[in-house]
Amino acid sequence: MESNTQYKSLDYWNDRYKEEDHYEWFGDYTKFKDVIHSLIRPSDKILTLGCGNSRMSEELYLNNFTNIVNTDYSPILIKAMRKKYISLSKMSWLVMDINNLEFEEKSFDCIIEKGTLDALLVDEKDPWNLSEENLTRIDKILEQVSKILKYGGIFISITFAQPHFRKPLYAHDKFNWSIKLYTIGDTFHYFIYVMKKGEALSESDKMFNSRKKNSDLKIKPVEIEENNLFSIQVD
C-alpha cells in the first residue's frame, strides 16, 4: 500500500499514468449522476479540475453534455486522454495546474472537481487545524474558480470531507456564492458541495465565514465518524 502523501507529487502521477488506464476516486459516475444531471444543462460550458483518468467526462459527454474542457497538470495523462477520446471531438484536454488557472473571467457555467482538492490536503495531520500553507493554497484556488465562473454558474466539489471540515474553506463572502450540500451513500458517504455564484451564503453557513479554527466551531460530526480525506490509499 502506497503512502497517500505521494498524491501531491507530479512525478508520482506521471509514473502512475504511464501504466494506469483508468481509476475512479469515490466511485464511478453512476453514484453522482442524478445530482449532477439535476444541476447542469447540455448547453453549459464545463471545466473539470484535475480530471485524471476518470471516465466522468466521457459519461457526461455520452449524456449530451459535450462542451467540456478537461485539465490536469500531468502531461503524460493529458496526452493519453487526448488519444483515448479522439472521437469525442467537442471535448478538449489541457495541461494546466489547478494553482494557476489560465482562463478568462466568467468563462464557465459549471466547474467540477472530484478529489482534486482532497489530494492537495493529504499531508495534513489534523483535519481540524489545517496548515497556513494549505489554507492559503486552497483559498487562492477558490478565488480563481470564482473568478472564471459565470454569474449564476456552479462549482461542484465531490469529496469525503464532512461539512465541519470543508465548509470553513468554501464559506467566504469574497467568493460570492451560496453552498448547497448533497450526501450520497448509505453506510459509506460522499459529499457533493454545490456553490452557486451570485447567491448569498445562508445564515448557517455564514458562521464558517470567520477565520476561527475548525476545532473552535463546536460542530458535531455528521454521519461518518472518520474524515476519510486523510486516509485515502491506493490498493
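Before I start, one term: helices, in what follows, are DSSP runs of H or I with at least four residues, numbered from the N terminus. With that in hand, I can say that helix 5 gives the largest share of the lining of the largest pocket, namely four residues. Please keep in mind throughout that this is a predicted model.

Let me stay with that pocket for a moment. Its volume is about 550 Å³, and 31 residues line the largest pocket, with W13, G50, D72, T116 and A119 lying nearest its centre. If we ask which elements supply at least two residues each of this lining, they include helix 1, residues 10–19, and helix 5, residues 116–120, together with strand 1, strand 2 and strand 4. Sorted by class, the lining of the largest pocket holds 16 nonpolar residues, nine polar ones and six charged ones.

In what order do the seven strands of the open sheet come? The order is 3-2-1-4-5-7-6, and the pairing is mixed. Strand 3, residues 92–95, and strand 6, residues 177–184, stand at the edges with a single partner strand each, so one side of each has no neighbour in the sheet. From one strand to the next, the twist averages 20°.

Within this sheet, strand 5, residues 149–159, and strand 7, residues 190–197, run antiparallel and are joined by six bridges; S157 stands opposite Y193 of strand 7. Helix 6, residues 132–148, packs on the sheet, where it touches strand 1, strand 4, strand 5, strand 6 and strand 7, and its direction makes about 140° with that of strand 5. Helix 4, residues 75–84, lies across strand 2 and strand 3, and runs at about 165° to strand 3.

Helix 4 also brings us to a helix pair. In general, two packed helices are described by the angle between their axes and the distance between those axes. For helix 1 and helix 4, the axes come within 8 Å and cross at roughly 30°. Angles under 35 degrees count as roughly parallel, and helix 1 and helix 4 are therefore roughly parallel to each other. On the helix 1 side, N14, Y17 and K18 meet P75, I76 and L77 of helix 4, and the residues of this contact divide into four nonpolar, one polar and one charged.

Note on methods:
Residues are numbered from 1 along each chain as its sequence is written. This is a predicted model: local features need pLDDT of at least 70, side-chain atom pairs count only at pLDDT 80 or more; totals for chains, interfaces and linings use all residues. Side-chain values use heavy atoms; hydrogens and water are left out. Two strands pair if DSSP finds at least two bridges between them. Axes are lines fitted to C-alpha atoms, for helices over the stretch in contact, and angles run from 0 to 180 degrees between N-to-C directions. Contact means heavy atoms within 4.5 Å. On a 1 Å grid over the protein atoms alone, a cavity is a set of points where a 1.4 Å probe fits but cannot get out, and a pocket is an open set with protein on both sides within 12 Å along at least five of seven lines; lining residues have an atom within 4 Å of a point. Grid points are joined across faces, edges and corners, and a volume is the space filled by probe spheres set on the points. Ala, Val, Leu, Ile, Met, Phe, Trp, Tyr, Cys and Pro count as nonpolar, Asp, Glu, Lys and Arg as charged, and the others, Gly among them, as polar. Angles under 35 degrees count as roughly parallel, over 145 as roughly antiparallel, 65 to 115 as roughly perpendicular and the rest as oblique.
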